[in-house]
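Hi everyone, thanks for coming.

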There are 2 protein chains.
Amino acid sequence: MNMQLRDDPARLTASEARRRIDGGALTATRLVAACLERIERREPDVLAWEHVDAKGALETAARLDAGPTTGLLHGIPFGVKDILDTFDQPSTYGSPIYRGHRPPWDAATVALARAQGGIALGKTVTTEFANRHAGKTRNPLDPAHTPGGSSSGSAAAVADFHVPLAIGTQTGGSVVRPAAYCGVYGYKPSFRLLSNTGVRTNTEQFDTVGLMARSVEDVALFKAAVGELPFVPVAPDEVSAPRIGICCTPHWDQTEPATRDALDAAVRALEAAGARVVNVSLPAFFDALDRAHKLICGFESLRNYADELTRWPDQVSEDFKRERVEVGTAASLAEFRDALRLGERARRWMDAMIAEQALDALLTPSAAGEAPEGLASTGQATFNYLWTHLHMPAVTLPHFTGPRGLPVGIQLVGPRYADDRHLSLVAWADRVLAAS
Amino acid sequence: MNMQLRDDPARLTASEARRRIDGGALTATRLVAACLERIERREPDVLAWEHVDAKGALETAARLDAGPTTGLLHGIPFGVKDILDTFDQPSTYGSPIYRGHRPPWDAATVALARAQGGIALGKTVTTEFANRHAGKTRNPLDPAHTPGGSSSGSAAAVADFHVPLAIGTQTGGSVVRPAAYCGVYGYKPSFRLLSNTGVRTNTEQFDTVGLMARSVEDVALFKAAVGELPFVPVAPDEVSAPRIGICCTPHWDQTEPATRDALDAAVRALEAAGARVVNVSLPAFFDALDRAHKLICGFESLRNYADELTRWPDQVSEDFKRERVEVGTAASLAEFRDALRLGERARRWMDAMIAEQALDALLTPSAAGEAPEGLASTGQATFNYLWTHLHMPAVTLPHFTGPRGLPVGIQLVGPRYADDRHLSLVAWADRVLAAS
C-alpha cells in the first residue's frame, strides 16, 4: 500500500476514523469527502448504490464537525441496504414497484445509528425484496463475479472502501454470504437483537438485521449503535483455549476444495493458538431444516407480498414467483406448522448440545467457495440458512482466498444471545488467523 | 327485535349476509349502504372510525354486484384497525405524527381480504401505536365506559353493527379485551398464523393480527380470507366431551365477582353438556411472565420507535414514554435475554402440560370484569398477555353481563397452532352457552 492509499481516510476502519476524529486528526467532512471521492471513482464498475445522498451527508458532517464529539459513530458514514426505510432518501426494496418511494420514517437501526452521530451516506443495492432476484451490483474484486446477495451493495461498498460500515439483512444467508464473497466481516446477530422496524418484511420468522465492516472491532461498535446496546469492546486477550466445534452441516458435499482448505488451515492455526477443536455431528432430523426453511419462506412470502402480487403481479420477478410464491402455494398449513415446530426442536437440541459439550463456538463454511462467476445469481444460502433458522450469532472472517484469488470466508457461529462473548472470540480467532 | 331491525342488513353476520348475497336476496351495495347508514346515525356517539371510505366502498360494492359471486368475503364490508396500512386510505397509527399519512401498500391481511371480495369500509380507531394512550372511541353499550383497547374502534364498530367484521392486533390484550368489553367475539390466532406485513410494529416478539366478529362462524370465515388459509367451517357437532382446564392465571385476585360468576356459570353449562372440566395450576415461574412481557415490550419499544422518539419526541404521548420507554431504558440486555428464555420455557411447559393432561382448551377470564368507567384508560391486559406470550389461539365469548349490564367475556384458549380445531370447540361452547 503506497503512502497516498494509507493516508486515504476512506480506507480507515470506523474505529480508527472515530479515534482520529476524537483526537482532532480527522474531520467528519474530510472522511465523508474521501468516501464520496472513492464512490465517484469506483461506482461505475461496482454499482453498489441505489442512491447516494452526497449533499445531505456533507451537511450532516459539517454540523457534526461544528459540535462536540459525542456519539459512538460520530462522523462515521454508513451504507443502508435499500430494504430499510430512510425518511430523507428513496427506499425501493429492489423492486420497480417502489421506484421513488419515500417513507415517512427511518428504520429503527438507521435512526439509532444517526442518533449516535453516524451519517447515512446512501442506500445500497438489494436484490428484489431481499430475495434472490439479483440487483446490478458487481463483486468489486472481480466485476464478472456476483457480490453475493441479498445485501449485495452493502458488502461491495464496504469491501471497496466506499464506506467503513453498512447495514444488511439476512433471512437465509444474505449478510454472511455477500460479506464472504466480497472479503469483509459480516455479522448476523442473534434473532431479535436488532429491531426490524422499518425493514420491509421478507420472512418474519427469520428476518435479521446484520452488519458489514472491515474489522471485528467495528462490528462491535456498530452493533452497539444500531441496537442502542451497551458498547462492549471486543476483548480477544480474555479468550483462552476456547472449545470450538467443527460443523460440517448436512451440505459438506457441496463445499469446494478452497473452502475445505480454508477450514483445515483455520483449524491448524486455532489449535496452535490453544483452541480445542472437536467435531460436531448434527442429528438426522437436521436434514429436514433446509426444506423447512424454504417452506416457511414460501408460505410467508405468498402472504407477506399479497398486495404486490395482487395489484402489481407483472412487476414481481419470475424468480420470486418461482422460488417463493410457487413454494408457498404448494405448502399446506400443516406443513407450515410442522416446519415451525422443527425449528423449535432444532434450537432446543443445539442449546443443549452446546451446553453439554461446553462449546464456545462452531466453525463452519461461510459459503461453498469463492463468489461464482456471473451476475444473474447471487449464490446459495446453503451454509447460512441453518444459523439463521437457529437464531445464532454468526460472523464470517475474510482470511483466505480461492483458486481465482477471490475471498473464501470461514464462519464462526456462537450460542444464541451470547453475541458479546462471541464477538470477543471472533476477534481472538481473527487475530490468530491474521498472524498465521 | 322489531321487524325493521331484523331486516336491517347491517345486523347480519358476515356468513348470513354472504349466503343472502349468494342467493340473490341481498346485494353488496345494499349491505354497504346499510352499514353506512348505521355509521351515520351512531358514529357521533361511538367514534369508532378514524376514516370511512363511503365512496370507495360503494364503488367496490357496485363492481362486485356486477360480477360473479366468488370470494369468501364477496360483498362483505370490514373495518381495519388504523395500525394497519391501506393504500387508498390514510394510516395514522393513532399518532399525530402520521396525520394524513398514505402508505403505498395494503397490509397483507387487508390485501388478502380484498382479494376474497371483502370491502375495506374504513379505518377504525387505535390507541397510539397500538399501545395504551387512548383514542376517542366510546363503548357503544355505554358511552361513559371505555371500549377497551388498543383495537378500540374495531370492537366498537362490530358491536354497534357498523360492520360485521374488523381486523385488530394484539400485543398484550388488544383484541380479546376490547371484544369482551364491547360484547363481541374476539380471536387472537396462534403467533405467526397471520401476516404482520403492513402492520406498524409495536413489539415484534408478540404482535399478532386478530379478528372481531359477531359469530364464531364469521371468525372462521374471516380467518381463512385474511390468512389465505383453507376455509374450515366450524364443526360444533363433531365436538364431544371435551376436556377443558380452568386456568385462574396468577391474577385471580384481580377478577371481579361478575367474572367469577360468569366462569362458574360457564363451567356448569359446559359440564352439563358433557365437558370434563379440570383445574390447571401454573408453576411458580409463570409469575415472572407479567414482568417479562412488559420488559420485552419496553425493550423493543425504545428501539422500534427510535425514529419517532428522536425526531418527534414532543408528539409521543407521556403514557407511551412512561409505560414503554422508561421500562425499556431501565431494562438491561441480560434481562431482555432472560425474558425471551422465560417465554420459551413457558411455551414448552404449556405444550407438555396440555399433551399430558389431554386438554382440548383452557377456560379463563377475558378481563377482570366489565369495561371500566372513563375513557382515559382502556383497561388492563392482565388476563390476556399470558396467552399472547404463549402464542396460543384465544377467543372471547360474549354470553354474560355484569352488575352494570355491560358484557363480561369468558376466554377459551387452545393449543398452539391448533386454531381450526379450537374454533370448532369454541363454536360448541358458544352453542351451549347461548342455550343455557
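Predicted model: local features only at pLDDT ≥ 70, side-chain atom pairs only at ≥ 80, totals over all residues.

Residues are numbered from 1 along each chain as its sequence is written, chains are lettered from A and ligands numbered from 1 in the order in which they are written, and side-chain values use heavy atoms, with hydrogens and water left out.

Okay, the sheet. Chain A has 11 strands in an open, mixed sheet, ordered β1-β3-β2-β4-β6-β5-β10-β11-β9-β7-β8. Strands here are DSSP E runs of at least two residues, helices are H or I runs of at least four, and both are numbered from the N terminus; two strands pair if DSSP finds at least two bridges between them. At the edges sit β1 (49–52) and β8 (276–280) of chain A, each pairing on one side only.

Look inside the sheet: β7 (243–247) and β9 (361–365) of chain A run parallel, joined by 3 bridges. There, Ile244(A) stands opposite Ala361(A).

Now, how many residues of chain A are in contact with chain B? It's 43, touching 43 on chain B, where contact means heavy atoms within 4.5 Å. The rule finds 4 salt bridges across that interface, a salt bridge being a Lys or Arg side-chain nitrogen within 4 Å of an Asp or Glu carboxyl oxygen. Arg192(A) and Glu204(B) make a salt bridge at 2.9 Å, N to O.
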